[in-house]
Amino acid sequence: MPRQTLTSSAVAGVTMVTAGSMTANIASYLLAWAASAWLGPAGYGEFASLLAAQLVLAVPALALQTVVAREAVRGKGAHALRLLGYRCALIVAVAATLLTPLVSFALDTGMLATFSALVTAPVLVLLATEQGLLQGSARFGPLSVVLAGAGIAKVVPAVVVLAVGAGPGLALAASAVGTGLVALCARLFADSGITGESSTRIGVAAVLKASQVQLALIALSSMDLVIARIVLSNDDAGLYALGAVATKAAFWLPQAVGVVLYPRMANPAHSAQAIRSALAVLVGLGAVLVAGVAVAAPLVPLLVGDAYRPVQSLLWLFALHGACLAVLQGALLSAIAGERTYLAVIAWIGLAVEMTAMLTLASTIGQFIAVAVTVASSTALVASLFAVRSARRDAPAI
């Protein structure tokens with residue numbers, strides 16, 4: 001197949017997936033805006049910390065999508081892959097139930113709010129199975145629709161509940177219901193076009209290996225919010241959570257690059273080139289996003305109120321944090337694609353350094369984000385160098 005055809009297909013895939021992801025992200029930002037404006041700094045701090053805890057528990061969903069996509073490319077049938085998804089969802093559901101009291105105590109949040117946040121995680125696992133099937137069959141158009149639908153269905157019910165004056169607990173419960181409905185719809189949507197025939201049983205171990213990679217990444221992108229809730233005052237934790245919206249934007253907006261280039265990363269003959277291309281694009285997009293946030297920062301008080309003015313001057317640092325995490329995500333995604341999951345140790349070391357520094361050295365919003373940026377940038381650089389070198393080493397001899 002001509003190189004130009006491959007390039008055009010990749011560009012089209014990135015465009016479609018970006019459109020779906022953008023829709024979901026815009027919905028999430030609207031939820032963040034609504035929650036910050038209607039709940040106030042203290043209430044939004046609780047809301048954001050629970051979303052961070054939910055994201056950590058939903059790590060198997062992110063890992064499952066990559067495993068399902070990889071195995072679908074290798075010819076595994078949809079039935080076998082869905083059975084794997086059901087087993088993973090059951091495990092996560094049990095974990096969510098057992099962890100609810102502990103998370104509620106650690107974060108000083110209500111039981112209803114905590115359970116509503118965590119119970120969404122197993123539903124996200126089921127949704128990830130369908131997304132992995134679509135990704136593995138390179139059906140990026142339908143995948144973009146599912147991504148957009150999932151974001152809207154998760155956010156709209158929560159915004160409606162907040163609009164009538166309810167608190168974080170009921171808002172998170174409404175979000176869980178919306179996510180469940182879109183997971184059911186995604187199952188019907190993904191059924192057409194799946195051609196895999198192999199019914200070989202796939203072990204949960206494959207997901208666990210990918211999960212520890214994703215867990216390191218998600219922990220690095222979320223643990224600062226959790227620690228801020230513990231160390232900072234309620235108001236400062238809320239301010240930090242608002243600044244972290246810029247982090248999430250710079251982190252998640254470029255994710256389509258990895259989604260589309262993932263199959264090439266899994267091919268030893270093209271892995272090194274695909275990784276280099278992905279990292280270069282992520283660095284470029286990150287620079288643009290950081291500059292954009294710096295320019296738009298003065299608008300923040302106008303959008304969410306003067307209570308958040310203290311974080312305005314730091315927003316570009318939050319965006320830089322997210323951009324560095326996006327580069328790290330690209331490097332670690334290539335590790336899953338090439339089954340080089342040992343590279344996750346770099347991220348785990350970075351997480352240990354970040355947690356130690358935040359718990360012992362940081363006591364202000366500025367110090368927290370400075371630690372986060374320093375750790376994320378250095379970890380991304382080291383992981384990227386190792387990812388490219390490992391791919392070159394594993395490339396077949398010509």
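Predicted model: local features only at pLDDT ≥ 70, side-chain atom pairs only at ≥ 80, totals over all residues.
## Salt bridges around glutamate 71

The side chains of glutamate 71 and lysine 76 come together in a salt bridge, 3.3 Å from N to O. The term stands for a side-chain nitrogen of Lys or Arg within 4 Å of a carboxyl oxygen of Asp or Glu. Glutamate 71 also pairs with arginine 70, where the closest N and O atoms are 3.6 Å apart.

Residues are numbered from 1 along each chain as its sequence is written, and side-chain values use heavy atoms, with hydrogens and water left out.

## A bridge between two helices

The structure holds three salt bridges. One of them joins glutamate 130 to arginine 82, with the closest N and O atoms 2.7 Å apart. Glutamate 130 sits in helix α5 (residues 120-136) and arginine 82 in helix α3 (residues 78-107), so this pair ties together parts that are 48 residues apart in sequence. Both glutamate 130 and arginine 82 are buried. Helices are DSSP runs (H or I, at least four residues), numbered from the N terminus.

Look next at helix α8 (residues 204-231), which bends by about 45° at serine 222. That bend is the angle between axes fitted to the seven residues ending there and the seven starting there. Most of α8 is covered, with 20 of its 28 residues buried.

Helix α11 (residues 271-296) has 26 residues and spans 37 Å from its first C-alpha to its last, close to the expected 38 Å; the expected span is 1.5 Å times one less than the number of residues. Its buried residues include Ser271, Ile275, Leu282 and Val290. Among the elements covering the buried residues of α11 are α10 (255-265), α13 (315-337) and α15 (365-394).

## Glutamine 329

Glutamine 329 belongs to helix α13 and is buried, with a relative accessible area of 15%. Setting aside neighbours within four places in sequence, glutamine 329 is in contact (heavy atoms within 4.5 Å) with Leu217, Phe251, Trp252 and Gln255.

Technical notes
Buried < 20%, exposed > 50% of the residue type's maximum accessible area, 1.4 Å probe, protein only.
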